[in-house]
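I opened my notebook to record what I looked up, one entry at a time. The sequence and structure come first.

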Amino acid sequence: MSRFFEKIKSIVEIKREEFNLFLQQYKNIKIGEIKISQIINGMRCLKVLFTDLSSVDPEKGIIWRGYTVDEVLQKLPKPPLSKMPYVEAQFYLLITGDIPSETEVREIIDIFNERRKLPDYVYNILKTMPKETDPNIMLSVAINSMQHESVFAKAYQKGKVTKYNAWEYMLEDVLNLLPKISIISAFIYRLKYKNNMFIKEDDSLDLGGNFAYMMGIKQPYDEFLRLYMILLSDHENGNVSAHTTHLVASALADAYCSISAGINGLSGPLHGGAIRESFNWFMNLYQQKKNQLTKKILEQICVDMLNKGLVIPGYGHAVLRNKDPRFLAQMKFGEEYLKNDELFKIARLAFDTIPHILKKHTKIKNPWPNIDNISGIIHSHYGIDKNFFTVLFSNSIAVGSLANIFWDRALNLPIERPKSVTISQLFELNKTRI
Ligand code: AMX
């Protein structure tokens with residue numbers, strides 16, 4: 001039994017006991033009221049989901065297992081000569097709750113390297129898909145195609161899965177699947193954009209380093225991939241893709257079905273597509289104005305957009321009420337490596353200009369740029385096609401979503417089934433209150 005497995009086993013035993021005691025004691029405590037507007041408006045801010053891996057503080061931003069973005073970037077172990085931590089270390093933090101030592105990260109890297117080889121049929125399936133297929137859909141199909149290899153699903157069919165051991169089978173699937181996602185993604189990238197000139201993995205590299213290497217993109221893109229995959233790994237498990245993964249897994253589906261459903265959840269322009277929207281906006285500004293764009297011109301463009309009732313992409317946040325530290329971390333990377341990039345210069349000008357325009361002309365609650373504001377500019381600087389951005393988002397979110405569904409099984413969370421209400425039922429409920 002590996003040290004990692006032993007550690008997880010002891011954490012699961014302790015957490016399970018704590019969780020059950022907590023439930024016995026507090027299960028009837030009310031934590032809020034539900035307004036009709038919240039039901040209709042996408043359950044915004046309704047506290048109806050459970051995760052122990054992260055929480056969003058409106059002022060501090062995302063907190064992973066008690067650590068802020070800055071703390072995580074500072075404390076997690078890093079590859080030699082790297083300024084960004086190992087993605088494997090963030091996975092370790094999310095799944096165990098502890099900052100790993102060098103040795104503990106090394107163990108995860110070794111586990112991932114042993115398990116990342118793809119079955120040949122995955123390559124064949126990807127090669128036979130229509131040229132026009134969206135790369136994120138290709139990723140989802142490739143993951144689904146491996147579902148029959150799920151250790152959890154096989155054990156379930158044989159009647160071996162119980163509420164005591166379900167987490168062990170889920171952990172096997174999570175550790176088998178997570179390292180394969182970047183390999184599939186790099187293959188899709190080379191297949192679609194680089195004439196199918198596939199690059200073989202480098203066993204000496206960590207997940208982020210190997211991903212950039214297999215895409216054929218030089219340093220420091222590996223540094224950005226590590227940063228990006230950590231920053232987007234988990235956001236209290238409530239966004240469309242993370243929640244979808246959890247929802248599907250709640251019916252005791254395996255990790256393959258659950259994560260590919262979550263990846264499909266990134267398809268919409270309001271979620272996975274938001275990076276592209278923001279990138280397109282900056283690109284249009286650049287194409288129209290080239291380097292003639294000044295603060296004054298940008299202000300006028302924004303006021304005109306707002307007067308037409310349009311939103312400025314990449315600004316605002318549903319929960320945060322301060323600058324998003326995930327945006328600031330990317331901005332810092334940009335300041336170091338993209339200083340002369342024309343789009344980055346526009347993004348920087350926009351950062352100095354747009355928040356006060358939004359404050360003046362709208363009722364926006366958070367006028368600062370969000371995580372999606374400059375990610376696309378940075379990926380594109382290293383040659384990534386904008387249609388591939390969502391695949392990179394999927395890789396990131398898989399880190400947290402897979403850690404979350406592991407814990408769903410460890411804590412025996414039940415199938416999710418909220419109750420729906422009709423307008424007449426709401427009307428009746430309301431009448432009895434008056
Ligand atoms: N540009 C112009 N107006 C904006 C705005 C923006 N970027 N963001 C919010 N507003 C307006 C809203 O339209 C709303 O106007 P109304 O009162 O006339 O209807 C008002 O400000 C209040 O909105 P809010 O409560 O601050 O925001 P929200 O919680 O309703 O929505 C969000 C949050 C992110 C959807 C919104 O800010 C937005 O559409 N931003 C632009 C698109 C974008 O960047 N999406 C990516 C989000 C990624 C992420 O969250 N990770």
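**Terms and ground rules.** Helices (H or I, at least four residues) and strands (E, at least two) are DSSP runs, numbered from the N terminus. I worked from a predicted model, where local features need pLDDT of at least 70, side-chain atom pairs count only at pLDDT 80 or more, and totals for chains, interfaces and linings use all residues. Residues are numbered from 1 along each chain as its sequence is written, and side-chain values use heavy atoms, with hydrogens and water left out.

**Entry 1: Leu 191.** I looked up its place and found Leu 191 in helix 9. I then asked what Leu 191 touches, not counting residues up to four places away in sequence. I found Leu 126, Lys 127, Met 138 and Asn 196 (contact means heavy atoms within 4.5 Å). Leu 191 and Lys 127 are 64 residues apart in sequence. In space, their C-alpha atoms are 7.5 Å apart.

**Entry 2: Asn 196.** Asn 196 sits in the loop between helix 9 and helix 10. Is Asn 196 buried, partly exposed or exposed? Asn 196 is partly exposed, because its relative accessible area is 34%. The cut-offs are these: buried means under 20% relative accessible area, exposed over 50%, partly exposed in between (1.4 Å probe, protein chains only). I also noted the phi of Asn 196, which is near 60°, a positive value in a residue other than glycine. Most residues other than glycine have a negative phi.

**Entry 3: Asn 237.** Here too I found a phi near 60°, again positive in a residue other than glycine. Asn 237 lies in the loop between helix 11 (221-231) and helix 12. Asn 237 counts as buried because its relative accessibility is 4%. Its side chain makes a polar contact with the side chain of Asn 404 at 3.3 Å. A polar contact is a pair of N or O atoms within 3.5 Å; within protein, one must be able to donate a hydrogen and the other to accept it, and residues adjacent in sequence count only if both atoms are side-chain atoms. Leaving out residues up to four places away in sequence, Asn 237 touches Leu 49, Thr 51, Ala 242, His 243, His 246 and Asn 404.

Entry 4: I checked the peptide bond joining Gln 219 and Pro 220 and found it cis, with omega about 5°. Most peptide bonds are trans. Pro 220 lies in the loop between helix 10 (207-215) and helix 11.

**Entry 5: helix 13.** How many of the 10 residues of helix 13 are buried? I found 7, so helix 13 (residues 255-264) is largely enclosed by the rest of the structure. The buried ones are Ala 255, Tyr 256, Ser 258, Ile 259, Ser 260, Gly 262 and Ile 263. They pack against helix 7 (135-145), helix 9 (166-193), helix 12 (240-250) and helix 19 (389-410). At the start of helix 13, a side-chain oxygen of Asp 254 reaches to within 2.9 Å of the backbone nitrogen of Tyr 256.

**Entry 6: Arg 116.** Arg 116 lies in the loop between helix 5 (102-115) and helix 6 (120-128). Is Arg 116 buried or exposed? Arg 116 counts as buried, because its relative accessibility is 4%. Its side chain makes a polar contact with the side chain of Asn 113 at 3.0 Å. The Arg 116 side chain also reaches the backbone oxygen of Asp 202 at 3.5 Å. Not counting residues up to four places away in sequence, Arg 116 touches several residues, including Pro 179, Glu 201, Asp 203 and Leu 205.

**Entry 7: Tyr 86.** I placed Tyr 86 in the loop between helix 3 (69-75) and helix 4 (87-96). Tyr 86 counts as buried because its relative accessibility is 6%. Leaving aside neighbours within four places in sequence, its contacts include Pro 77, Pro 79, Pro 80, Val 105 and Ile 230.

**Entry 8: the whole chain.** I ended with the overall picture. The chain has 20 helices and 2 strands. Of its 434 residues, 52% count as buried. Among contacts between residues at least 6 apart in sequence, 76% join residues at least 24 apart. The C-alpha atoms fill a box of roughly 70 × 65 × 45 Å, taken along the principal axes.
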